[in-house]
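Please take a moment to look over the sequence and the model shown here before reading on.

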Amino acid sequence: MKEAMDIATPDMTGSSLLGTAEGLNLLRIGLFRLDRDGYLLDFNDTGAGILGVDQGTSWNDRHISAIDRFLGLGLAEQFETIIQGKARFAKRHMKCTNRHGRYMELSLSCTTYPNQEGEPEVYGLVQDSVEDGHSSSDTTKHRQGLYILADVASALSSSAELGQILRTILTGATASQGLGFNRAFLFLYDQETDSLIGHLAVGPSSPEEAGHIWGQLDTEAMSLTQLLDPHETPDFEASLLSDRIAGVVYDLKQDSMITHVCQTGDWVNLTDTDPIDANTSSFLDCLGTKNAALVPLVSKGNLRGLLAADNFITGQPIADDAVGLLQILADQAAVAIQRARLLDLERKRVDELQQINRQLAESQEQAIQFGKMSVMGELTAAIAHSLQNPLDIMAGFVSLTLQAQPTSEQQEYLNIVSTEIKRIESVLHQVLRFSQASSNDLETIEFSRLIDDDFDRLQGIMHRSKISISRALAQAPLIVRGNREQLRHAIGQLLGLIAEDIMPSGRLVLRTERVGGMARLLVIMECPGDHVRRIERSLKQMFADQSQTQYLPLLVTNETFKFHGGRLDLASGSDGGPCLFVELPLLEDH
């Protein structure tokens with residue numbers, strides 16, 4: 001840039017400077033002129049390309065503040081000092097992007113000259129070392145490439161989550177502080193279908209978006225290390241490019257250059273002149289490009305994915321050296337992806353083992369409870385059989401005595417004894433049915449279906465009284481695990497207890513519903529108003545004294561629901577009337 005800066009000497013006039021515009025074009029040096037208010041008056045072709053303006057650019061967009069918003073060189077801030085002739089402005093090797101998304105490394109010099117009317121104007125010379133091939137030497141490039149790979153490798157080694165690893169790959173490939181590709185597309189390999197699946201992409205979708213994004217990033221002057229920080233990395237899922245490849249599935253069983261790259265592990269750098277098969281051409285059409293680097297992600301001989309990168313915005317050719325660095329980055333990323341997936345598998349395995357341990361603990365507890373229930377069933381069966389024989393003898397003698405024409409007073413007493421014997425036999429039959437049910441195994445049960453299938457029997461139980469019964473069952477399935485016969489017996493015994501000892505007349509409504517993680521059966525009692533208070537008192541007394549022998553059926557019923565991890569308790573109906581409810585735990589995976 002020293003030669004370009006030496007062209008403008010203090011004793012030259014503005015007109016003579018503009019007269020050298022063509023010569024400066026040959027040297028690829030941009031020339032521009034700003035008026036007293038900072039508006040761009042003249043520029044040569046090279047200056048137009050660097051500043052991102054042309055003859056059709058609006059007057060407002062020609063102001064130095066609008067131009068410097070993308071370039072970020074600080075010229076707008078220093079303009080007043082320069083126009084007053086207090087200082088000359090010079091900067092070298094400043095990385096920036098113009099409004100059209102062109103990435104540049106600029107050297108700039110500005111000074112003040114009076115126009116023919118004597119008004120001060122600012123003249124500037126600018127040169128892009130990237131365009132002219134005046135960038136760093138090969139040694140410096142190689143050193144810079146190693147720095148980039150070291151930064152990316154450090155970020156990958158500290159990332160355990162797959163999502164952050166994928167973001168690191170794309171950031172390292174596209175950041176101007178990194179490999180500097182305009183866009184990058186990441187496809188992950190699915191072994192089951194032998195295909196590549198579009199996952200993430202990063203980069204601008206248009207030159208206007210490129211100018212805005214790259215200008216902002218260059219203004220922030222972040223290092224590659226900062227960009228690779230998880231807290232600084234942009235959210236790529238919301239990008240238009242990610243939407244472009246969302247749902248794209250490329251079958252690797254078809255013959256194509258992409259399949260060859262994935263099978264051999266060798267990258268390719270495609271240009272317009274390269275012969276491309278139809279399948280690969282269709283793949284590139286999905287990306288909206290013709291020139292692209294295709295780099296496989298391979299770890300220990302296993303394909304992990306494919307990285308495609310291009311310079312769609314700037315149109316600059318992709319150097320093989322850059323693709324080579326991209327391949328090294330991809331190799332590091334493939335190892336990190338494998339590590340992340342192994343970690344995910346280990347986490348899933350730990351979760352599965354924890355769930356198995358919980359299930360074993362629950363099964364052990366259920367086995368203990370089931371053993372208790374079995375012992376209880378055997379005990380109650382033995383007691384019931386022991387009591388049945390004396391009751392049969394007592395009932396026989398009562399029957400014989402009634403046939404011997406006793407006095408009216410004796411007949412009344414004998415009828416009372418006969419009634420109580422039948423009551424005892426009813427309780428014993430309930431206990432025997434429970435003991436028979438306790439021998440059955442546990443199974444998966446749809447709770448509403450259990451009530452529906454058993455509804456005719458439940459109606460028969462209530463038919464002996466003056467109570468009608470209806471049902472209102474949940475539409476959504478309520479899946480529980482339990483002993484079907486035990487639950488049927490317990491629910492039937494509960495309704496029988498209501499019919500015989502609690503509710504003289506009225507209507508019962510059986511309603512099933514989900515409450516949190518529980519399946520609930522509501523037994524709603526609808527009866528005349530003068531019976532409500534008496535029923536409520538009976539229920540409260542019964543639940544308070546259920547451990548007493550006179551409420552043995554309720555005790556057995558309650559123990560059955562407890563065995564299944566549930567409970568039986570009092571509640572209030574929607575109208576405030578008496579109500580019972582049964583709750584059983586729902587299976588988690590249903």
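Which strands does helix H14 lie across, and at about what angle does it run to S6? Helix H14 (residues 278-287) lies across strand S6 (183-190), S8, S9, strand S10 (292-299) and strand S11 (302-310), and it runs at about 125 degrees to S6. Here helices (H or I, at least four residues) and strands (E, at least two) are DSSP runs numbered from the N terminus, contact means heavy atoms within 4.5 Å, and angles, from 0 to 180 degrees, are taken between the N-to-C directions of axes fitted to C-alpha atoms, for helices over the stretch in contact. The model is a predicted one, in which local features need pLDDT of at least 70 and side-chain atom pairs count only at pLDDT 80 or more, while totals for chains, interfaces and linings use all residues. Residues are numbered from 1 along each chain as its sequence is written, and side-chain values use heavy atoms, with hydrogens and water left out.

The strands under discussion belong to an open sheet of 6 strands in the order S8-S7-S6-S11-S10-S9, with antiparallel pairing, where two strands pair if DSSP finds at least two bridges between them. Strand S8 (249-251) and strand S9 (268-270) stand at the edges with a single partner strand each, so one side of each is left without a neighbour in the sheet. From one strand to the next, the twist averages 25 degrees. In the loop between S6 and S7 sits aspartate 194, whose phi is near 50 degrees, a positive value in a residue other than glycine. With 24% relative accessibility, aspartate 194 counts as partly exposed, on a scale where buried means under 20% relative accessible area, exposed over 50%, and partly exposed in between (1.4 Å probe, protein chains only).

Another open sheet has 5 strands in the order S2-S1-S5-S4-S3, again with antiparallel pairing. Its edge strands are strand S2 (40-43) and S3, each of which pairs on one side only. The antiparallel strands S3 and S4 are joined by 7 bridges, and in S4 the bridge partner of lysine 95 is glutamate 105. Strand S3 (residues 89-97) also holds histidine 93, which has a positive phi of about 50 degrees although it is not a glycine, and which is partly exposed with a relative accessible area of 48%.

Of the contacts in the chain with a separation of 6 or more, 65% are between residues 24 or more positions apart.
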